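Here is a short walk through one model, for reading with the structure open beside you. What packs against what, and where do the charges end up?

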Amino acid sequence: MSDIYAYSGPEIIAKIGVRYRMYRQQLQLTQKEIAEKTGLSIMTIQKFEVGASHDISMTTLLRLLRAIGQLENINEILPDIPESPYLLNNKTPIQRIRHSK
C-alpha cells in the first residue's frame, strides 16, 4: 500500500484482509480456529480475507487482530502525540507578583 491516500475505504479494507490471511497462514491457523477465537463466522473471515468485505466494524478488526497476536499494532494507527516543544518551553510555573498596598 504505497500511497494509501489513493485508495478508497473499501479498497484499504480489502488489502488489509489479504494481508491478514498471510499472517494467519504463517501462524498455521485455520479460518475455523480464527472463528472459534473471535466468535465470528467462518464466512465473515473468508469474505474479509479475499477482499470481499468492504465494511467491517472496529470491534471485528480488534477481534481479528487479537486472534493472531497483533493487537498491540493498533497503536500504529494513532500513535501517542509527542508533547509540543512550544508547550514544553512554557511549562515553567507562572509566578504571581503581589503588589503591596
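## What covers H3

The buried residues of H3 have a cover that includes H1, H2 and H4. This is a predicted model, so keep that in mind as you read along. Which residues of H3 are buried? They are Ile 45, Phe 48 and Glu 49. Looking down the axis of H3, you'd find these buried residues within an arc of 90 degrees, so they line one face of the helix.

Just past the end of H3 comes Gly 51, with a positive phi of about 80 degrees.

Now for H2. Its buried residues are Gln 31, Ile 34, Ala 35 and Thr 38. Down the axis of H2 they fall within an arc of 100 degrees, so here too the buried residues line one face of the helix. They pack against H1, H3 and helix H4 (58–67).

Just after H2, Gly 39 has a positive phi of about 80 degrees.

## Where H2 meets H3

A pair of packed helices is described by the angle between the axes and the distance between them. For helix H2 (residues 31–38) and helix H3 (residues 42–49), the axes come within 9 Å and cross at roughly 120 degrees. The crossing of H2 past H3 is right-handed.

Who makes the contact? On the H2 side it's Gln 31, Lys 32, Ile 34, Ala 35 and Thr 38, and on the H3 side Ile 42, Ile 45, Gln 46 and Glu 49. Sorted by type, the residues of this contact come out as 4 nonpolar, 3 polar and 2 charged.

Leaving out neighbours within four places in sequence, Gln 31 is in contact with Arg 24, Ile 42, Ile 45, Gln 46 and Glu 49.

How many salt bridges does the model have? The count comes to 1. Glu 49 pairs with Arg 24, and their closest N and O atoms are 2.6 Å apart. Glu 49 lies in helix H3 and Arg 24 in helix H1 (residues 9–26), so the pair ties together parts that are 25 residues apart in sequence.

Are these two partners buried or exposed? Both Glu 49 and Arg 24 are buried. Glu 49 counts as buried because its relative accessibility is 0%, and the cut-off is under 20%. Not counting residues up to four places away in sequence, Glu 49 touches Gly 17, Val 18, Tyr 20, Arg 21, Arg 24 and Gln 31.

## Pro 10 in H1

One last stop is Pro 10, which is found in helix H1. With a relative accessibility of 35%, Pro 10 counts as partly exposed, because that value falls between the 20% and 50% cut-offs.

What separates the C-alpha atoms of Pro 10 and His 54? The two residues are 44 residues apart along the chain, and their C-alpha atoms are separated by 4.5 Å.

Methods:
Residues numbered from 1 in each chain as written. Predicted model: local features only at pLDDT ≥ 70, side-chain atom pairs only at ≥ 80, totals over all residues. Heavy atoms only, no water. Axes fitted to C-alpha atoms, helices over the stretch in contact; angles between N-to-C directions. Helix = DSSP H or I, 4+ residues; strand = E, 2+ residues; numbered from the N terminus. Left-handed = near helix turned anticlockwise from the far one by under 90°. Contact = heavy atoms within 4.5 Å. Nonpolar A, V, L, I, M, F, W, Y, C, P; charged D, E, K, R; others polar. Salt bridge = Lys/Arg side-chain N within 4 Å of Asp/Glu carboxyl O. Buried < 20%, exposed > 50% of the residue type's maximum accessible area, 1.4 Å probe, protein only. Arc of directions from axis to C-beta.
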